[in-house]
Each structure stands twice: as C-alpha cells, then as structure tokens.
Amino acid sequence: MSSNKVLIISDLHAPFHHPDALAFLKWVEDKYDPTHIIQIGDIIDANAFSIKFDRDPNGMGGSEEMRRAKLFIQQLAKQIPLMTVLEGNHTDRIAKAAKKIGLLDDMVKTLPEYLEFPDTWQFSERLTLDGVTYIHGDRVASSGGNLMQNGIKLYMKNIVFGHYHARAGIDYLTIDDRVLWGMCVGCLVSQETYAFDYAKKSSRISIMSVGLVEEGCPRIIPMLLKKNGRWDKNKQWEVNMHMDEMSSDIFYMIGDIDDDMATRFLSWIHYKESRTTCNLTVYISTYGGNLDDAFTIVNAMKSSPHQIITVGTGKVMSAGVIILVAGDIRLVYDDCSIMSHQFTTSTGFQKYHELANASSYFKSIHKKMVDFLFKACRKPITKEAVEGVLLKETDTFLSAKDLFKLGYINKVISIDRW
Ligand SMILES: [Fe+2]
Ligand SMILES: [Fe+2]
C-alpha cells in the first residue's frame, strides 16, 4: 500500500475562484499534510477568450481578467510551490482561439509560459500515481447513468476527475474481478460571478470541495460555507474535530461527565463497532459529573466487542473513577489526582415526597455503585470494604499506587519527567 497522500484541488477558474479558496487550501494542507498536490484542471477560466460562448458585455476585458488570473497564480505558487496542474477545457480556450485565427503553435506561448507558472509546477494532460488516473474529466459523460461510474468505464481505472462543478462524490464499480472507484471532486469557484451565469439556469449549484486519496482510498473534503457564501472556518474545525474523533481509536474524555460527553462517547463507540480494531483507548481527566451519564458510558464500554484501555491522567474524580475502572485494562499516571466519594447531588429538595423519592433513588444508585466497584476489583474484596474505602461519607483522595494496591488498576505509569 502506498503511503502517498494526494490532495486534489478542484476547478478554480481564476480569477473567478472562491474568495476564500486560498485560505481553505492552506487549512487543508496544514490539516492533511499531502505528499502530492494535483490541480485537476481549469485553473483559470479564460472567459474573455471563449470562441464558443458570447462574452458578457458587462464583464471585464481580456487584459484585466488575465492580470487578475496571473495575480492569483502567483499567490497560489507561493502557497503551493510543488504541484501538478492538469489541462482543462477552460485552459484550452486560449490555444483554441489561436488556432481559430490560424496561428501556428510556435507563434503562441504555452499556458505555463504565459501564466508564469513556477518551474517547480508540472503541466500535463493527465497523471497516473499509485494506479490512480487523475484527469480533468470533460470527456466523462454526464448523462446516461452514474457520473462516477461513467468515469470508471471510460478509463477502466481508479479515476479522479473534476470539471463537473455541481458534483462531488465517490462511487464503485466491479469490472471482471476488480473493484474500481471513481471520484468527482467538486470545485472552488465563486458562483456569483458573471462567468457562471450559464449555471444559474440549472437547479444544481456548485459544490465547494477538494479530494484526497490516502493509501489508495478516495475521500471528499467539503468546504463548509456560511449563509453568505463565505468559508466558515470555525465550523470546519468543529466538524473536522468530530470526524477525527470518530476515525481515531483514542477517545479523550476530558471535562465534565454529562449528557454531551455520553452522546459523543456513544457515537464514537458505536461507530467503532462496525470496525475491526481490537484496542480502543479512553484517556480520562475529569472532576466527575452526572453518575447516570457515567453509567451510560460504562454500559456502552461493557457492550463493546473491543478491548478498552482506560488511562487516568491529570485528575480522575467522582464519576470519573467509575468510568476508569470499567476499562478492560486500566492504567493511571502516577501523578494523577484521584478522588472517590458517595453519590452526591446539588438538587434542592423542598417537599417531603421529593425527599422520600430522592431517598429511594439515593439507595438504588448507592447500591449500583457498590455492586459495580465490587465486580470491578481484580482482588478479593467485600462490599463492606468497597463502602469503607471508595464510598465513604467524606471525599477520599487516593494515589495511583493506592488504586493499584486495592486491585482496581493494572499498572501505574511512571515517567521520568526531568
Ligand atoms: Fe470547470
Ligand atoms: Fe472543465
């Protein structure tokens, strides 16, 4: 399996690119650290040079359009010094216009010369890397079946293409014994400009996204937008954090144990149930929280087919202790602050029946804690001892070594900090 990570920058159509395209691409580069970057064609629009479509009389002239396109190319080259730029039907417009008036090839500058591409950029019709073909895709039939599958059938390879601004997706097709995939990567254009007036007649709006091929697997990275069409960087961080958390085998349970934490944890662990991973690690640092939410987390851990390693670090207190000792393997850093106590609540009880109800609730939850801590102990212990050590009336502060001696954890992690 190749360790290459290929970022595919979709159609840009400079100078009609999305105003936040560069900032979004910087974020994507920093986030995914690609080994190769390919711009999949239509890096410029060349609107003023179309011989097929009428020019918008309100639009800018050819000179101004190309001045702005070159400026964007300079900025892009500064940000991405190494890149392969593929030909597209829009970058072909200039050569086609020259041919139309009968100019010979050597009378006309090549596109990289004219646009002043840096020497470190390659310009070609297509690129094949790790068995995947990258091409602009204007020859892929958009009607008559599934677009991505049409791309696979046309090239009979794993295929990545752009061109179709309103399409971003991945599909698979079995041909003989091979399962092939095709990915269309969307675009990074500013749809509001006159250059895309033709698309306004269509019900399909442009999809802002780029593609990533990592270890042979294709993936779309959408550019998340605000209502005003600008890039929503904060939302992008938030969603990505969630995606990272879901794909990771490590869960960071840092903060209060509440229903938000339980929701995040249950989504993560249920997502993991469909995966083949054997070990999941849960780092815990918490002052505690809601005990019912803690038991929701514990139930999910105990129902998981995977081995769960809990690691206590920083502070593991109150409800956090219950979660820590629910791990199949439990590790605690030697300087971790641990505190255990009886179930407490800050809810004020005003009336007799509330107090009576609360009393039975307290009894049942205290019994649940005793039973749980009794079963979670790896050494012989009595329920009276559990109550006497971990569920005292006052807060009980313990060290990692204390928990180890009691039989609640497998190992104390000692590190040489200096
Ligand atoms: Fe395009
Ligand atoms: Fe195109």
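**Close-up views of two sheets in a predicted model**

**View 1. Strands E3 and E4 run parallel in this predicted model.** Four bridges join strand E3, residues 83-86, to E4. Within this pair, Val85 stands opposite Phe123 of E4.

**View 2. Helix H1 packs on the sheet.** Residues 21-32 make up helix H1. The helix touches strand E1 (5-9), strand E10 (209-214) and E11. Its direction makes about 170° with that of E1.

**View 3. Six strands form an open sheet with mixed pairing.** The strand order is E4-E3-E2-E1-E10-E11. Which strands lie at the edges? They are strand E4 (121-124) and strand E11 (217-222), and each pairs on one side only. From one strand to the next, the twist averages 20°.

**View 4. Five strands form an open sheet, again with mixed pairing.** Here the order reads E5-E6-E7-E9-E8. Strand E5 (126-129) and strand E8 (168-175) stand at the edges. Each has a single partner strand, so one side of each is left without a neighbour in the sheet. Neighbouring strands of this sheet are turned by 15° against each other on average, direction ignored.

**View 5. Strands E6 and E7 pair in the parallel sense.** Strand E6 covers residues 132-135 and strand E7 residues 158-161. Four bridges link the two. Tyr134 stands opposite Val160 in E7.

**View 6. Helix H5 packs on the five-stranded sheet.** Helix H5 spans residues 147-155. Its contacts are with E6, E7, E8 and strand E9 (178-185). The direction of H5 makes about 120° with that of E9.

Definitions and conventions: Residues numbered from 1 in each chain as written. Chains lettered and ligands numbered in written order. Predicted model: local features only at pLDDT ≥ 70, side-chain atom pairs only at ≥ 80, totals over all residues. Pairing = 2+ DSSP bridges. Axes fitted to C-alpha atoms, helices over the stretch in contact; angles between N-to-C directions. Contact = placed C-beta atoms within 7 Å.
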